[in-house]
Amino acid sequence: MGEWYYGKGGQQEGPFDEATLRQRVASGQVNPTDLVWREGMAEWLPLSQVAELSSSSSVVAPSSGVVPASPYAPPETNPAVVAASYTGAPATSGLAIASLVFGILALVSSCMYVGIIFGIPAVICGHMAMKKIAGLQNPVGGKGLALAGLICGYIGSLLSLVTIGFVVFVLNATDGGIQKIIENMERQQSENQERIEESQRQVEDAGENAH
Amino acid sequence: MLTEDKPGWPRFVLVVPLTILLLVVFRFIYPSLAGSMPSCPLLSLTGFQCPGCGGTRAADALVHFRWIDALGNHAWFVLVILIGLPLIFWMALKEKYSTFPGPRFHQNWLWFCLVSLIIFAVLRSMESFQWLAPDPIKSEN
């Protein structure tokens, strides 16, 4: 159990066994900010930072390189690593998943003005995820997802911007006649469609004649 | 994708009710919007079908339960909604009740969505697969 010392009012108190120290903590004689020490610790630490004296299990991770000689490691709080320990494979960063989901949405809405509304979060999440994954020490999957989400976000936004730019340009150029222009285009488009169907029919006829 | 120590509903389950809500809202809003929205300039000008082409028409057919029309306009979108939403809900159930059978969420599901979308979009622009393409826009809705 070891013998504990604490500092109060410039005075060193102790040694106490752990039970006594806990009593004093509970009664308020020792505050979380008071420094405590026992043999095995590299230096005096505030009570709140000593893992084995903390009464709750949500322990603060050891600060700045000082490793308390404590039998209790702080519970892993990174959710990605928690999931990994369940499945045995590196879990995936949520940001990366979000990035690809937004990216797919951006692609699907890319000709409409909505494309950039999804594209921007796709790009943002993608970059954030890439940075985060590169910075984490524990292996976390999702780099490919984030990259794909990035790319889709850029493509979707680009297409969307082209569309917006075109509409704005045409609006400016024709000064309100845009509806007519669009109607013309729709007519051309259905003519194209008919031409395609016509050539398809011709292909089918040729196929039948060949038999 | 557990976000807490004890299993509960994972947050991604929210996608399901949110999407359904969006579809319901779309059903009521779209008829009034349809007349005033300009049609796709990209398509009309270049004939180029973006991956989402026909999505709005498909969604309109979908919320009115015209399944064939919906599939004919944007099969990928319709299938993702019809198959994906229950699948997501199932995976969420599995996260909460770990004895549930069936697939876990895995990033390969997302890859599959992306790749199938790209293949779908490319196929659609080829003449032999025109049945995948959206129906032409009529000038009166």
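First, conventions. Residues are numbered from 1 along each chain as its sequence is written, while chains are lettered from A and ligands numbered from 1 in the order in which they are written. Since we have a predicted model, local features need pLDDT of at least 70 and side-chain atom pairs count only at pLDDT 80 or more, whereas totals for chains, interfaces and linings use all residues.

Confidence in chain A, then. pLDDT is the predictor's confidence in each residue, from 0 to 100. Chain A has a mean of 75, with 73% of its residues at 70 or more. Within the chain, the mean is highest in helix H3(A), at 89, and lowest in helix H2(A), residues 79-87, at 52. Over residues 56-62 of chain A, pLDDT stays under 50, and the model has nine contacts there beyond four places in sequence. A contact here is two residues whose C-beta atoms, placed from the backbone, lie within 7 Å.

Next, the sheet in chain A. Helices (H or I, at least four residues) and strands (E, at least two) are DSSP runs, numbered from the N terminus. Four strands form an open sheet in the order S2-S1-S3-S4, paired antiparallel; to count as paired, two strands need at least two DSSP bridges between them. S2 (11-16) and S4 (45-46) are the edge strands, each pairing on one side only. S1(A), residues 4-8, and S3(A), residues 35-38, are joined by three bridges in the antiparallel sense. Tyr6(A) has Val36(A) as its bridge partner in S3(A).

Now the helix pair in chain A. The axes of H3(A), residues 94-108, and H4(A), residues 114-135, come within 7 Å and cross at roughly 155 degrees; axes are lines fitted to C-alpha atoms, for helices over the stretch in contact, with angles from 0 to 180 degrees between N-to-C directions. That makes the two helices roughly antiparallel, the term for angles over 145 degrees. Residues meeting in this contact include Phe102(A) of H3(A) and Phe118(A) of H4(A). By class, the contact has 13 nonpolar residues, five polar and one charged. Nonpolar means Ala, Val, Leu, Ile, Met, Phe, Trp, Tyr, Cys and Pro; charged means Asp, Glu, Lys and Arg; the others, Gly among them, are polar.

Last, chain B. H4(B), residues 67-96, and H5(B), residues 107-124, have axes that come within 9 Å and cross at roughly 155 degrees. They are therefore roughly antiparallel to each other. Ala75(B), Trp76(B) and Val80(B) of H4(B) make the contact with Cys113(B), Ser116(B), Leu117(B) and Phe120(B) of H5(B). That contact has six nonpolar residues, one polar and no charged ones.

Technical notes. Angles under 35 degrees count as roughly parallel, over 145 as roughly antiparallel, 65 to 115 as roughly perpendicular and the rest as oblique.
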